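User: Please take a close look at a single part of this model. I would like one connected account of how that part is placed and what lies around it.

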Amino acid sequence: MGNAVLGSVGVRLAAQATCPVVVLQGTHGEDPGTEPRRIVVGVDGSECSQRALVFALEQGARAVDASLVVVNSTETPTPFAVQSLVALGERPPDGLPERLSKDMIARAEEGTAHDVDITVLCTREDPVHALLPESATADLVVLGSRSRGGIRGLLLGSVSQGVLHRARVPVAIVPHHGVQGVGTVGRD
């Protein structure tokens, strides 16, 4: 019944909430009151992922010896799609995803006091496939949610759904609008 409950309650609540929602999986053995020490956050350069990064840093700042793994698994943002550049015999600039990730981290760190060890992992893998192996040793996975409004706003994106259904640790979904409080969906 775990995935049925997750599908009907956790995913819908995370998609519609006005605050970050943490979905706890039934197989996670940690006490939900324990502060996460190893946090994995998915970023893609969007404002939504910037909010997720800020939330992840705030969670890490609460724990002693916290570490944050920033997973950026998007294509290099250029005026043209990467495939188009390759077809023209061009290549995207080396190290651009890493620089963009580090710029996002610098913006997220502005005005925050934390002692969190940060690692950046950039890959061209599918985001779900990049996040799941990192989540295996994490205490918390954090993702941003892009609400699209209307009926589409009632649904989470494929990355959020893929991670929620497969991760065996708590997953925090941070909404596209302001971060206010934290809601928790119980164990499945």
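Analyst: **A strand and its surroundings**

Six of the six residues of β3 are buried, so this strand is mostly covered. Buried means under 20% relative accessible area, exposed means over 50%, and partly exposed lies in between, with a 1.4 Å probe and protein chains only. Strands (E, at least two residues) and helices (H or I, at least four) are DSSP runs, numbered from the N terminus.

The model is predicted, so local features need pLDDT of at least 70 and side-chain atom pairs count only at pLDDT 80 or more, whereas totals for chains, interfaces and linings use all residues. Residues are numbered from 1 along each chain as its sequence is written, and side-chain values use heavy atoms, with hydrogens and water left out.

Two strands pair if DSSP finds at least two bridges between them. With β2 the pairing is parallel and has six bridges; Val43 is opposite Asn72 of β3. From β2 the chain passes through α2 to reach β3, a β-α-β crossover that is right-handed: with the strands pointing away from the viewer, the path from the first strand over the helix to the second runs clockwise. β4 (residues 117–122) also runs parallel to β3, joined by six bridges, and here Leu68 faces Ile118.

Val69 lies in β3, which spans residues 67–72, and counts as buried because its relative accessible area is 7%. Setting aside residues up to four places away in sequence, Val69 touches Arg38, Ile39, Val40, Val41, Thr119 and Glu134, where contact means heavy atoms within 4.5 Å.

Leu68 and Val70 belong to the largest nonpolar core, which has 22 residues; together with Val41, Leu53 and Val142 they touch the most other members. Such a core is a set of buried Ala, Val, Leu, Ile, Met, Phe, Trp, Tyr and Cys residues joined through side-chain atoms within 4.5 Å. Elements giving two or more residues to this core are β2 (38–43), α2 (47–61), β3, α4 (96–109), β5 (140–144) and β6 (171–174). The most come from α2, with five residues. A second, separate core has 21 residues, among them Val21, Ala138, Val163 and Leu164.
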